[in-house]
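Hi there,

Here is the structure I promised to pass on to you. Could you open it alongside this email?

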Amino acid sequence: METGRTRLLPIPPIEMEFIDQNEDGQLGWKEVEKQFDQSDYSPCIDIHGVVERSSPKTAENDLHTSPELHQASDSGFRPPKIRIALEASGRNFHGRITEEEIKQAILYAASLNRLSLSQDEACECARLIKEELDADQGAVELQSTGDNLSKTSPMPGTPASYLSHPKQSLITVLFRAHWRQVWVVLLWLAACLALFVWKFLQYRHRSAFEVMGYCLCTAKGAAETLKLNMALVLLPISRNTMTWLRKRRWINSTIPFNDTINFHKLIAGGIVIGVILHAGTHLACDFPRIVNAKRSVFQRTIAKGFHYRQPSYLEILGTTEGATGIAMVVLMIIAFLLATRPSRRQHASLPWPIRRFAGFNAFWYSHHLLVLVYVLLIIHSMFLFLTKDVTEKTTWMYLVIPVLIYAGERVFRIIRSGIYDVQILKATIYSGEVLSLKLQKPTGFQYCSGMYIFVQCPQISTFEWHPFSLTSAPDDDHLSLHIRSLGDWSYQIYSLFQEALASGKANFPKICIDGPYGAASQDHCKYDNILLIGLGIGATPFISILKDIANGQQGPQLDTVKDIMAHDVKGPTKAYFYWVTREQGSFEWFRDIMKEVSILNRKKGVIEMHNYLTSIFHEGDKRSALISAIQALHFMKSGVDIISKTPVWTQFARPNWFKVFSGLATRHGGERIGVFYCGPENLGRDLERLCHKMTAQTSTRFVFHKEHY
């Protein structure tokens, strides 16, 4: 190592030594290249970074046959002949390196990692490296100083509580995490089973049993469960009612309002089973038995219901009961198929004719066809073959209250959205086809951080409403939204605002809003410690929470249960925010907000923010070594991360979630941490399993929440 003084810079554990400058001011790389040509590869390596001593063949592959190098070469960009000599063989090389060559090396490293770095930024970084070389007489050692980045580095380690805390049974952990879902589902199943058995036994003792047997009992039992489920399925999507009930502590503590959409889907599954049993047994069993029954048995048992004339199969289907039943089945099949995930997202696995008509619009409109199903259901229930007693025609009794609640909500939403006068204060287009809207806050509009609203653009459709999380804090004087183009409607609204901004005129499309509505993220106020995990645009519900917490350090917070300002409301004392994105441009979306939160958070340090960019090779990889170096130098000099352009340090690749959770378990032993996630389902399931595992094996309890819209 050179005798000059060495400065330690806070970056990941990668050691480099920049080559000294010689006296004549000329580059000394020819000596390095000469050694390289003599097949002694260990002293030198290109800008990819640090490798161990390798064979000549391996080194040659690294330096000349790398796919990234070929890709850059094919695009017309030639890698600069700059290499960093390492102390791998105990030998040092000396020479002068210019800022221009350093800049070219930086730009090349950025291209390998799919980073956008301007010429000015590259020049600035090259200047910083050159200054360090001059100041340190040619030697700069870069190594990890974890203490300096405690606010931005991961929290590795094995929890001490692993050793001290007795393991809990996984069944116990699962029950504690899901007991509210369990009792609601069990109650629903018990109600369905009780109704099925009651109706099954009732028709077992009727004269029609002689003709149709247990097929009749099965069909009637399934019909009774259908009545219940057709009523219940409306309640979870009565969003205003759910939001109002969520504010009642005793109800919120026993009913899992965060899973209303899942419960809606579960009931829909029950409806599918009921339709198969009811319609299937009627069509395949009951009707053929009526047609083929002995005339004497038919006359003695059910002839009165058919005006004493034994019908044919087609005549039964042509009755009011048969026609309405078939119509309902057809409409339900259309609505249910278009509601599946592949159909909503127009998955490539769908056949071309179906994929052409699938999508969110098809799902939305087909779901509203179910209004006709309810009308047909009432008609169907009033004309029954075997039931003439009005007291047994009970379908309307099941439906009346849920239908009134749902219909009342729809009317209320129309009136409220018409009252809200929404003015667009600012519209911004970001990379990744993201539209940011800053709206005037309507008079009397109160909400909690983590809530969402529905947005309508009449210029696109007067019927479609789409949910979006609010990214403004409750005490802001405006509302803000971030809309990413992921479907037909979002692409259209993005295009409309893009055209308006390109024209230079503030002639924006009209926007209507409805809400606010409760979401899982609201529950962050229940915990002293929270972990917020957002993937890509999934960070939106947590931006509002971060701003709310940061503002709360300056003054009173919002009571998320009673929707009132109160000085005695206690918010989280510690919040960890992990944002994982694949594109560097994504950091633009919330750059100003993250800067604002960082400033407000300086005094108490309640919030720790962690950015992860998955397009960069992981820390320690030779292809990201130079990026690590310039990131550290720039952060040390300016306090701003050169990748995200915020005070939040950007880490490379994906987080090691086990290390993250282990570090939190160590830091918060014996405490409870609320984990809030918004992103793809696959990672959500993995994180939920990790929460259960860490809760079972440590003294820290992790409670998982996922956003559902």
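First, the ground rules. This is a predicted model, in which local features need pLDDT of at least 70 and side-chain atom pairs count only at pLDDT 80 or more, while totals for chains, interfaces and linings use all residues. Residues are numbered from 1 along each chain as its sequence is written, and side-chain values use heavy atoms, leaving out hydrogens and water.

Helices (H or I, at least four residues) and strands (E, at least two) are DSSP runs numbered from the N terminus. Two strands pair if DSSP finds at least two bridges between them. Axes are lines fitted to C-alpha atoms, for helices over the stretch in contact, and angles run from 0 to 180 degrees between N-to-C directions. Contact means heavy atoms within 4.5 Å.

**The S5-S6-S9 sheet**

This open sheet has 3 strands in the order S5-S6-S9, with antiparallel pairing. Its edge strands are S5 and S9 (478–484), each of which pairs on one side only. From one strand to the next, the twist averages 15°. S5 (residues 424–430) and S6 (residues 434–440) run antiparallel and are joined by 6 bridges. Along this pair, Ile424 stands opposite Leu439, and Thr428 stands opposite Ser436.

S5 and S6 form a hairpin with 3 residues between them, and Gly432 in the turn has a positive phi of about 80°. Glu433 is also found in the loop between S5 and S6. The phi of Glu433 is near 55°, a positive value in a residue other than glycine. For context, most residues other than glycine have a negative phi, and most peptide bonds are trans.

Helix H21 (residues 488–502) lies across S5, S6 and S9, running at about 105° to S5.

**The S8-S7-S10 sheet**

The order here is S8-S7-S10, again an open sheet of 3 strands with antiparallel pairing. S8 (466–469) and S10 are the edge strands, each pairing on one side only. The twist averages 30° from one strand to the next. Between S7 (residues 452–456) and S10 there are 4 bridges, and the two strands run antiparallel. Phe454 has Asp514 in S10 as its bridge partner. H20 packs on this sheet, touching S7 and S10, and its direction makes about 120° with that of S10. H10 also lies across S7 and S10, running at about 35° to S10.

S10 (residues 512–517) holds Pro516, and a cis peptide bond joins Gly515 and Pro516, with omega about 5°.

**H10 against H20**

How do these two helices meet? H10 (residues 239–246) and H20 (residues 395–419) pack at an angle of about 95°, with their axes 8 Å apart. They are therefore roughly perpendicular to each other (angles under 35 degrees count as roughly parallel, over 145 as roughly antiparallel, 65 to 115 as roughly perpendicular and the rest as oblique). Arg239, Asn240 and Thr241 in H10 meet Ile405, Glu409, Phe412, Arg413 and Arg416 in H20. The residues of this contact divide into 2 nonpolar, 2 polar and 4 charged (Ala, Val, Leu, Ile, Met, Phe, Trp, Tyr, Cys and Pro count as nonpolar, Asp, Glu, Lys and Arg as charged, and the others, Gly among them, as polar).

**Rings and charges**

A charge sits over a ring if NZ of Lys or CZ of Arg is within 6 Å of the ring centre and within 35 degrees of the ring normal. Arg413 lies over the face of Phe454, at 4.8 Å from the ring centre. The charged end of Lys199 sits over the ring of Trp198, 4.4 Å from its centre.

Happy browsing!
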